[in-house]
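Work through the exercises below with the sequence and the model side by side. Each task is followed by a solution in steps.

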Amino acid sequence: MPQIRADEALYRDEPLYGNAEELLSEVHAWAVRQPGFVELGLDRERNGWITVWVKDADAGALQQEVAREWPGEGIVVVEVPWTAGELEAVLTEVDAALREAGVRSGGSALSPHRGVVEIHLGVITPEAEAVLAGFTGRPLCVEGIPEDQAPEERSQATAGEGWRLLGEGLSGESYRTSVATTDDQLQDLWEAAGLEGEAPRVDWDGEIAVWFGAVYGSGCPVRMDGVLVEGDLLYADLVVPGEVYGCNADANPHAFVVAVSRAVLPEGPFRVQLEARDPYPGAPEERTVVDVDLRSPGSTATNEQVHADASLAVPLEPALVTDGDDLPNDQPVRYIYRDDPDCDTPVLGPLDGSIWRLADEEAAWDVQDGDELTLHPLGGSDSEIIASAPQMDWLFVRLPEATCP
């Protein structure tokens, strides 16, 4: 849903704002005294101009007053169909109907500048469709996927094509993998995964053992549906059914130790990872490198031949970058966060020629002005970075314009 804008004739190529802090504060002090004032914001798609949204007011007269008060500035007055209070009443009614029908919701929000109430359902079930049918014509924007496309919620399988589960639990470390080809290696792997007792027996003639140290956010359990092979890579088919509703961004471990048939192994040397994507920089133990071919019955690898990928290790002290600097493609960097009160969402930069904004549906931002972050480039992507603080990781995305949203 686009935000509601003024007539295009009111917009000009100049002025072009970055963060119009003083002007925004002045306009806000004026706007809250005007009849019908609803909301104030910056329009990043129109050169950062200030928009004053009003309801049941003479927008034309207010526009003339703005022009007299701030001649030459980029300020528009726009009529919206609903006040925040009217949308709040719709939201209360919809939320109550959804709760009564037992429909799970991923959250809701008011968007007066778009003229709608946002309802994030995650999955649009038949029950949700029945409720929403009663609100046809109301100012709703509903986000979700059809039920037949949603990840299925089911119990953890114990075996599948080319693999069988030896043990699993909420233990060990997250972002880890490892491989065992002997009883002693398996027992060491079992204990590293935090699983209790003796490890189950493995048919070493036909199988090897693999530990997938998966990660999940609290409230969103992870499930392993299988083992996949692409080229020289073996990885887990990990499923998080609750992801469609949004998950907490804390990183909790879930260990899966499986026996994998030698018949499905890639030719050695090969790699083992949690997912097909490359591990995050600084997580070398998420990728296990096996230096030998293990497809032959009973073949083994020494401890030295099964190891983490040293190329994923990072320096103890990454370089410090400041606004205006470029970002390296393959190394993390340190960055001092500065809060920008004019932005609707946390932003970083400009770095690498762009402003970076917090991605949609990320966890709440709790970094303070002056805190140090570690920025990690994502393998194969120049439009996303991970910003890490001691308490959390967040995804940031590159904006096309070097101004905050």
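**Overview**

Of the 405 residues of the chain, 46% count as buried, where buried means under 20% relative accessible area, exposed means over 50%, and partly exposed is in between (1.4 Å probe, protein chains only). The model is predicted, with local features needing pLDDT of at least 70 and side-chain atom pairs counting only at pLDDT 80 or more, while totals for chains, interfaces and linings use all residues. Residues are numbered from 1 along each chain as its sequence is written, and side-chain values use heavy atoms, with hydrogens and water left out.

**Exercise 1. State how many helices and strands the chain has, and give its spans along the principal axes.**

Step 1. Helices (H or I, at least four residues) and strands (E, at least two) are DSSP runs, numbered from the N terminus. The chain has five helices and 23 strands.

Step 2. The C-alpha trace spans about 85 × 55 × 30 Å along the principal axes of the chain.

**Exercise 2. Find the largest nonpolar core and name the elements that give two or more residues to it.**

Step 1. A nonpolar core is a set of buried Ala, Val, Leu, Ile, Met, Phe, Trp, Tyr and Cys residues joined through side-chain atoms within 4.5 Å. The largest has 27 residues, and Phe 212, Val 258 and Leu 294 have the most contacts inside it.

Step 2. Two or more residues come from each of the strands S8 (163-169), S10 (207-216), S11 (223-230), S12 (233-239), S13 (252-261) and S14 (270-273).

Step 3. Strand S10 gives the most to this core, with five residues.

**Exercise 3. Which residues gather in the patch of negative charge on the surface?**

Step 1. Patches are made of residues with over 30% relative accessible area and no salt bridge; like charges are joined within 9 Å, and nonpolar side chains (Val, Leu, Ile, Met, Phe, Trp, Tyr) within 5 Å. Asp and Glu count as negative, Lys and Arg as positive, and His and the chain ends are not counted. The place of a charge is NZ of Lys, CZ of Arg, CG of Asp or CD of Glu. Accessible areas come from the Shrake-Rupley method with a 1.4 Å probe, and for residues only the protein chains shown count as cover.

Step 2. The patch holds Glu 21, Glu 22, Glu 26, Glu 69 and Glu 73. Helix H1 (residues 21-31) gives the most to it, with three residues.

Step 3. Glu 73 sits in the loop between helix H2 (59-69) and strand S3 (75-79). Its relative accessible area is 31%, so Glu 73 is partly exposed.

**Exercise 4. Locate two cis peptide bonds and two positive phi values in residues other than glycine.**

Step 1. Most residues other than glycine have a negative phi, and most peptide bonds are trans.

Step 2. The bond from Glu 14 to Pro 15 is cis, with omega near 0°; Pro 15 lies in the segment before H1. Gly 349 and Pro 350 are also joined by a cis peptide bond, with omega about 20°, and Pro 350 is in strand S19 (residues 347-351).

Step 3. Asn 47 has a positive phi, near 60°, and is found in the loop between strand S1 (37-43) and S2. Tyr 175 has a positive phi near 55° and lies in the loop between S8 and strand S9 (176-180).

Technical notes:
Salt bridge = Lys/Arg side-chain N within 4 Å of Asp/Glu carboxyl O.
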